[in-house]
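Reader: I'd like to learn how to read a few features of a model like this one. Could you walk me through some of them?

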Amino acid sequence: MVLSAEEKERLDLAIGRIREISEETGMAFPEYSDFFMCTAKDICGVFDLFDEIKKDGYFHKDIYSLREDNSRLFRSVLPENYDESYANPDYAEDRLGIFGHELSYIAAELVYLPQLLTDEKYFDVLVLLELYLELFGLFTDETKPTAKAVSDTIFYHAFDYIEYFTRERLEESIVPSENIAYKIVMNENLGDTSYLFRYGEYITDNEIKLSEYLGKLSDEEIDRMAEVFTSGFRRGFDVMRVNFEGKGSVNIRYHIGEERIVKSAVKKFADMGLRPILNRYAVNRMCRRGVIKQGFEATSVNDQFEYDHRMDEAVFLDGRFADRRINATEAAYEEFKEAASRYAGPAVIESFGEELFNPKAKDSVARLNIAQEETSIDMNRKLSVISNKYIPGDEYSFTIIAFPLPSIGDDFEDIFRETMVLNTLDNDKYTAIQQKIIDALDCSEYVEVVGSDGNDTNMHVAMRHLAYPSAETQFENCVADVNIPLGEVFTSPVLKGTHGRLQVSSAYLGGYHFENITIDFEDGMVKDYSCSNYDDIEDGKRYIKENILFNHETLPIGEFAIGTNTVAYRMARKFDILDKLPILIVEKTGPHFAVGDTCYSHAEDKKVYNPDGKEIISRENDFSLMRNTDPEKAYFNCHTDITIPYSELGRISAVYSDGTKIDIIKDGRFVLQGTEELNEALI
């Protein structure tokens with residue numbers, strides 16, 4: 001955003017004042033001077049380095065120098081510095097007492113200055129620095145500020161600017177533009193890894209080695225990956241019977257280092273008449289939910305830092321803010337409704353292979369109170385309703401594919417190539433095999449899922465009655481279109497009558513590792529839960545509530561599925577990476593249950609058919625049935641798959657009304673007639 005002359009003057013004044021603060025030694029309340037001096041020095045360091053970056057020839061420096069400079073941008077939250085960083089809530093609380101939450105929040109927001117400057121979001125920079133200076137002013141008066149004065153300052157900043165940030169975020173998410181990412185992907189020399197440092201993100205060996213590896217592949221190999229990705233997206237419109245005519249944009253999300261794939265995909269989407277949207281994830285806490293990053297991203301500079309600040313909206317969230325954000329969202333969608341109508345959906349390249357992260361539980365972090373949890377849930381429901389009004393769930397498609405990162409280990413290149421094979425398995429072969437499973441399940445009264453070898457899973461999953469079995473089915477036969485790789489049959493189970501215990505020894509969900517996760521269900525709803533990540537049982541419960549239930553008191557089972565991709569399971573066992581696979585792949589390696597919304601969320605009224613022509617009737621549950629009468633209660637805006645690996649599986653059986661049982665899987669092997677070929681990868 002180009003600043004006006006008045007705004008440019010304000011920014012210059014703000015930077016000048018912060019330079020003075022970095023050298024000040026006397027304050028009315030010296031116990032807080034270190035916070036302002038340290039953060040001011042960090043701010044000045046970022047601006048000084050960006051003065052260098054803007055000079056011609058900067059990116060001609062050697063990679064070692066570029067990495068050294070890049071690390072300086074994020075110095076305060078590097079793991080080796082984090083223990084004594086004010087962005088660390090523990091340190092902030094210890095040094096700043098009652099002001100720890102609020103000032104640690106500001107320190108965290110300042111960490112994203114490099115991204116704002118790279119994107120030339122100078123107004124965003126201006127208002128952030130002015131908030132910082134307003135807080136500084138509170139501590140230079142003769143009277144010590146109250147906690148309320150500090151929190152009010154932050155609240156009114158958020159309240160005043162949420163309309164601006166909401167509009168900005170929506171525009172960059174659905175309106176194509178030739179932004180920094182587009183210029184890098186389409187114009188830079190992708191054979192020279194110095195381009196990675198143009199993003200303003202923290203760049204690690206992951207990004208450098210990933211780019212170098214892709215640089216060694218032939219154009220044909222790159223194009224083949226892009227073709228699988230883009231054709232799956234286009235095929236999704238046909239599979240879901242969504243009208244493609246009039247669509248004009250696609251939001252491509254990727255990990256930095258994958259630019260060669262993205263560039264090829266951009267060209268293939270252009271052949272379909274789609275312009276790319278390559279936006280950064282939201283860096284401003286006002287528009288960001290948890291640690292979710294929807295946009296291009298790099299390896300986290302510090303997972304613990306991001307986890308510590310996942311609920312920083314607690315410092316400003318209340319009903320007034322929520323109402324203002326809801327109204328701003330409606331207004332922004334109305335302004336960009338033409339772009340929304342032409343939006344074809346997201347095309348996502350997921351990454352996997354990060355080091356497993358078990359976050360440290362901290363009492364010092366900002367956390368939503370009960371009232372704020374209710375406000376957050378209500379706000380997100382209403383935002384979802386608005387989004388679906390302008391971009392209806394049954395009028396766009398999507399696709400997701402995944403590739404490993406070098407951090408997965410020494411076998412990275414072999415794993416990458418096997419993943420390429422995994423993503424191109426034979427659709428027709430799996431369609432036929434999965435239809436055998438569906439035929440066995442369709443007319444069952446319920447399905448039993450039982451664990452083995454210490455796994456306590458014992459689930460009773462209620463099924464629907466098919467009025468017209470010759471024309472209806474309960475399960476979707478899922479192969480490779482929007483959801484790559486192929487390999488599952490899934491349904492939205494009947495909630496009433498669905499009960500039991502789900503247990504998995506190890507799961508990697510939403511970027512977090514869960515150990516011995518156990519969830520009990522009654523009438524399809526979460527009743528109780530636990531995990532063994534922490535010695536304190538309550539810490540484990542809180543970990544699940546925040547990161548799987550997303551602060552809901554309970555959630556329904558939105559999906560029951562049986563994964564059939566034994567090739568993926570074989571790859572996971574071969575390289576010992578099952579706990580590093582993303583949900584996208586791991587859900588295909590065994591039966592899984594999803595808590596939250598169904599797979600047909602916001603698209604229940606759109607008829608969906610399997611390849612055999614039968615209509616999939618299990619598209620809703622007791623909650624989504626309220627979509628027309630009480631839409632704000634129909635959806636939970638989350639969906640988390642939890643998979644039982646074949647090695648922990650004793651039996652999956654279809655149970656009929658007369659008591660007959662037909663085993664689908666027994667002792668970790670497919671035993672249903674016509675599915676035996678799937679066991680070849682398990683030998």
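Predicted model: local features only at pLDDT ≥ 70, side-chain atom pairs only at ≥ 80, totals over all residues.

Reader: Which residues of α5 and α7 make the contact?

Author: A contact is read from heavy atoms within 4.5 Å. On the α5 side these are Leu-103, Ile-106, Glu-109 and Leu-110, and α7 contributes Leu-128, Leu-129, Leu-131, Tyr-132 and Leu-135.

Reader: At what angle do the axes of α5 and α7 cross?

Author: Helix α5 covers residues 100–110 and helix α7 residues 122–138; their axes come within 11 Å and cross at roughly 150°. Angles over 145 degrees count as roughly antiparallel, so α5 is roughly antiparallel to α7.

Reader: Now the cysteines, please. How many disulfides are there?

Author: The general idea is that a disulfide is a covalent bond between the sulfur atoms of two cysteines. In a model we look for a pair of cysteine sulfur atoms within 2.5 Å. By this rule the count here is zero. Take Cys-38, which is in no disulfide: the nearest cysteine sulfur belongs to Cys-44 and is 12 Å away. Cys-531 is in no disulfide either, as its nearest cysteine sulfur, that of Cys-638, lies 17 Å away.

Reader: And is Cys-531 buried or exposed?

Author: The cut-off for buried is under 20% relative accessible area. Cys-531 has 10% relative accessibility, so Cys-531 counts as buried. Cys-38, with a relative accessible area of 30%, is partly exposed.

Reader: Can we finish with a lysine? Which helix holds Lys-545, and what is in contact with it?

Author: Lys-545 is found in helix α19, residues 537–547. With 16% relative accessibility, Lys-545 counts as buried. Leaving out neighbours within four places in sequence, Lys-545 is in contact with Glu-373, Tyr-529, Phe-550, Asn-551, His-552 and Glu-553.

Note on methods
Residues numbered from 1 in each chain as written. Heavy atoms only, no water. Buried < 20%, exposed > 50% of the residue type's maximum accessible area, 1.4 Å probe, protein only. Axes fitted to C-alpha atoms, helices over the stretch in contact; angles between N-to-C directions. Helix = DSSP H or I, 4+ residues; strand = E, 2+ residues; numbered from the N terminus. Parallel < 35°, antiparallel > 145°, perpendicular 65-115°, else oblique.
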